[in-house]
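Reader: I would like to learn how to read a model of this kind, feature by feature. Where do we begin?

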Amino acid sequence: MGRKRSKIKFDRKAITNQILGIFTHHPKKNFNYKQIAKSLFITKSNEKHLIVEILNDLTLEQYLDEISPGKFRLRPTGREVIGKIEITHGGYGLSLIHI
C-alpha cells in the first residue's frame with residue numbers, strides 16, 4: 001500500500017498577509033518572488049506561481065511598487081507636507097506654514 005500524501009491547501013489571504021509582513025518589516029528593501037518564497041519556506045512551483053500572482057495583485061492594489069521587472073518594494077504611505085519653516089539663528093524651527 002502506498003503512503004497517502006497530505007495535500008496542504010494554501011490560504012491566499014494568509015499568504016498575502018505574510019508577504020505584506022515581509023515588506024512591512026523591511027520597507028526599503030526590494031524583493032523578488034524567489035526571495036519571498038524562500039522566506040516563507042515555499043518550494044513547489046505552483047505555490048511560487050501563487051506568490052507571483054499575489055505580488056502582481058498587491059501592485060495593482062497599490063500596496064507595492066514594481067521597481068524593475070520582478071522586483072517589488074513597499075509603497076510609502078507617508079504624506080508629504082509642503083510649506084515654509086522659519087529657522088532661528090540657533091538653528092531651531094519656529095513655525096510651519098502650509099502653502
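Reader: What is the relative accessible area of Asp57?

Author: Burial is read in classes: buried means under 20% relative accessible area, exposed over 50%, and partly exposed in between, with a 1.4 Å probe and protein chains only. With a relative accessible area of 31%, Asp57 is partly exposed. Two notes on the basis: this is a predicted model, in which local features need pLDDT of at least 70 and side-chain atom pairs count only at pLDDT 80 or more, while totals for chains, interfaces and linings use all residues. Residues are numbered from 1 along each chain as its sequence is written, and side-chain values use heavy atoms, with hydrogens and water left out.

Reader: How many helices and strands does the protein have?

Author: Both kinds of element are DSSP runs numbered from the N terminus, helices being H or I with at least four residues and strands E with at least two. Here there are three helices and four strands. Along the sequence they follow the pattern α-α-α-β-β-β-β.

Reader: How many Å should helix H1 span?

Author: The expected span of a helix is 1.5 Å times one less than its number of residues. For the 14 residues of H1 (residues 12-25) that gives 20 Å, and the end C-alpha atoms are 20 Å apart, so the two agree.

Reader: Which residues of H1 are buried?

Author: They are Ile15, Thr16, Ile19, Leu20, Ile22 and Phe23. Because these residues cover an arc of only 155° around the axis, they sit on the same side of H1. The arc is taken from the directions that run from the helix axis to the C-beta atoms. The face turned away from that buried side carries the exposed residues Lys13 and His25.

Reader: What do the buried residues of H1 pack against?

Author: Packing is read from contacts, meaning heavy atoms within 4.5 Å. The partners of the buried side of H1 are helix H2 (33-39), helix H3 (45-60), strand S1 (64-68) and strand S2 (71-74). Take Thr16, which is in helix H1: at 17% relative accessibility it counts as buried. Leaving aside neighbours within four places in sequence, Thr16 is in contact with Ile54 and Leu58.

Reader: Which residues does Leu64 touch?

Author: Leu64 lies in strand S1 and, at 0% relative accessibility, counts as buried. Not counting residues up to four places away in sequence, Leu64 touches Phe23, Leu55, Leu58, Thr59, Phe72, Arg73, Leu74 and Arg75. The C-alpha atom of Leu64 is also separated by 8.6 Å from that of Pro76, twelve residues apart along the chain.

Reader: How many bridges join S1 to S2?

Author: Two strands pair if DSSP finds at least two bridges between them. S1 and S2 are joined by four bridges and run antiparallel.

Reader: How many salt bridges does the structure hold?

Author: Side chains of opposite charge can pair when their charged atoms come close. The cut-off for a salt bridge is a side-chain nitrogen of Lys or Arg within 4 Å of a carboxyl oxygen of Asp or Glu. The structure holds three.

Reader: Which residues are linked in a network of salt bridges?

Author: The network consists of Arg12, Glu53 and Asp57. Glu53 bridges to Arg12, with the closest N and O atoms 3.3 Å apart. That pair links distant parts of the chain, Glu53 being in helix H3 and Arg12 in helix H1, 41 residues apart. Asp57 also forms a salt bridge with Arg12, at 2.4 Å between the closest N and O atoms. Asp57 is in helix H3 and Arg12 in helix H1, 45 residues apart. Arg12 counts as partly exposed at 33% relative accessibility, and Glu53 counts as partly exposed at 31%.

Reader: What is the N to O distance between the side chains of Arg75 and Asp65?

Author: Their salt bridge has an N to O distance of 2.5 Å. This pair links Arg75, in the loop between S2 and strand S3 (83-87), with Asp65 in strand S1, ten residues apart. Arg75 is partly exposed at 30% relative accessible area, and Asp65 is partly exposed at 21%.

Reader: What does the accessible surface of the protein come to?

Author: Accessible areas come from the Shrake-Rupley method with a 1.4 Å probe; for residues, only the protein chains shown count as cover. The total is about 8,500 Å², of which 54% belongs to carbon and sulfur atoms. Of the 99 residues of the protein, 19% count as buried. Among contacts between residues at least 6 apart in sequence, 40% join residues at least 24 apart.
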